[in-house]
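Dear colleague,

I am handing over the structure below, and my notes on what was found in it follow directly after. Please read them with the coordinates open beside you.

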Amino acid sequence: MEQIQHIFVQVQGLKFHVAEIGAGPKVVVFLHGFPEIWYSWRHQMICLANAGFRAIAPDYRGYGLSDPPPVPEKAMFGDLISDLLAILDFLEITKVVLVAKDFGAKPAYLFALLHPERVLGVVTLGVPFIPPGPSQYQKSLPEGFYISRWQKPGRAEADFGRLDAKTVVRNIYILFSRSEIPIAAENQEIMDLVDLSTPLPPWFTEEDLATYGALYEKSGFQTALQVPYRSLDEDINITEPVVEVPALLIMGDKDYVFKFPGMEAYIKSGKVKEFVPGLDIIYLPEGSHFVQEQSPDEVNQLILTFLNARIWS
């Protein structure tokens, strides 16, 4: 882990933390999800660097060691896209492959649509390409659906505020590692869905948790609640949402995302390929929502195979 370098990039009026390892013209940029930061890509970054790639993983604005936006409650997905463009320009990187996890799939694919000249390919884990437009999931899920709860200003803040940051991250990792959507009862909060005696997933160590906990202790959850959860209906104004570059989707068969209404059919019927014609889909039988941390060797090999066969063959 010590071979990963850490730099700070001053763009967009903010200072962004960027983790980096490797060198050369073959550049892969990793975009994290929630409750993650650059560190969730540690296994992939080292593997790709050893294979001759340059691996870069920024913390989004308001996450990890990056500066928070001046008004966190006004942060939007569009900011993540313009931040990424500014970081790449600052580092003088013209073309990249984007590898994204969870909600990071959205800025990755939007970046590919808005700046196709900069993107050679896209890999996403846990979340496929979702066409731009208002989110529909809340309409068919109970009031206690975690996204609905976290979208309400003040509700998640009060729920998380009862606990330290490390415990919040612990609880969310446990919840998101399960194969069911987190849904609370009417008189229950999302954090109450995890008992203090519940162990961490076997692939997630106390050292890992301490790393995440310290960084969320620094950043807080204000921006993380805004982007993604309170910005899901943002209008990016893309009229032709068809991604033309080679793409790969890696899904764990036990990922709770499959339980979102219509999601399994959208992926497994191939409808997603109407928007991403060059998409390959790979399923990991025992995979959870955190496949890159749960099964790093397997995921590393899938990414390397994609890069070597479809991008830099």
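Which residues does Glu217 touch, not counting residues up to four places away in sequence? They are Asp164 and Ala165, where contact means heavy atoms within 4.5 Å. Glu217 is found in helix H7, and its C-alpha atom is separated by 7.6 Å from that of Asp164, which is 53 residues apart from it along the chain. Glu217 counts as exposed, because its relative accessibility is 54%; here buried means under 20% relative accessible area, exposed over 50%, and partly exposed in between, with a 1.4 Å probe and protein chains only.

Before going further, please note that this is a predicted model, in which local features need pLDDT of at least 70 and side-chain atom pairs count only at pLDDT 80 or more, while totals for chains, interfaces and linings use all residues. Residues are numbered from 1 along each chain as its sequence is written, and side-chain values use heavy atoms, with hydrogens and water left out.

The sheet

Eight strands form an open sheet with mixed pairing, in the order S1-S2-S4-S3-S5-S6-S7-S8; helices (H or I, at least four residues) and strands (E, at least two) are DSSP runs numbered from the N terminus, and two strands pair if DSSP finds at least two bridges between them. Strands S1 (5-11) and S8 (279-284) stand at the edges with a single partner strand each, so one side of each is left without a neighbour in the sheet. Strand S6 runs parallel to S5, to which six bridges join it, and also parallel to S7, with four bridges. Six of the seven residues of S6 are buried, so this strand is largely enclosed by the rest of the structure.

Helix H1 (residues 42-50) packs on the sheet, touching S2, S3 and S4, and its direction makes about 55 degrees with that of S2; such angles run from 0 to 180 degrees between N-to-C directions, the axes being lines fitted to C-alpha atoms, for helices over the stretch in contact. Seven of the nine residues of H1 are buried, and what covers them includes S2, S3, S4, H7, H10 and H11.

Charged side chains

The structure holds 20 salt bridges, each defined as a side-chain nitrogen of Lys or Arg within 4 Å of a carboxyl oxygen of Asp or Glu. One of them joins Glu36 and Lys101 (3.1 Å, N to O), linking the loop between S3 and H1 to strand S5, 65 residues apart. Glu36 counts as buried because its relative accessibility is 0%, and Lys101 is likewise buried, with a relative accessible area of 0%.

Asp102, in the loop between S5 and H3, is buried yet has no salt bridge, and the nearest side chain of opposite charge, Lys101, is 5.0 Å away; in this count Lys and Arg are positive and Asp and Glu negative, while His and the chain ends are not counted. A polar atom of the Asp102 side chain lies 3.2 Å from the backbone nitrogen of Phe34.

Arg162 meets Asp159 in a salt bridge (2.4 Å, N to O) and Asp192 in another (3.2 Å, N to O). Arg162 lies in the loop between H5 and H6 and Asp192 in the loop between H6 and H7, so the latter pair ties together parts that are 30 residues apart in sequence. Finally, Glu143, Arg149, Lys152, Arg155 and Glu189 are linked in a network of salt bridges.

With best regards

Notes:
A polar contact is a pair of N or O atoms within 3.5 Å; within protein, one must be able to donate a hydrogen and the other to accept it, and residues adjacent in sequence count only if both atoms are side-chain atoms.
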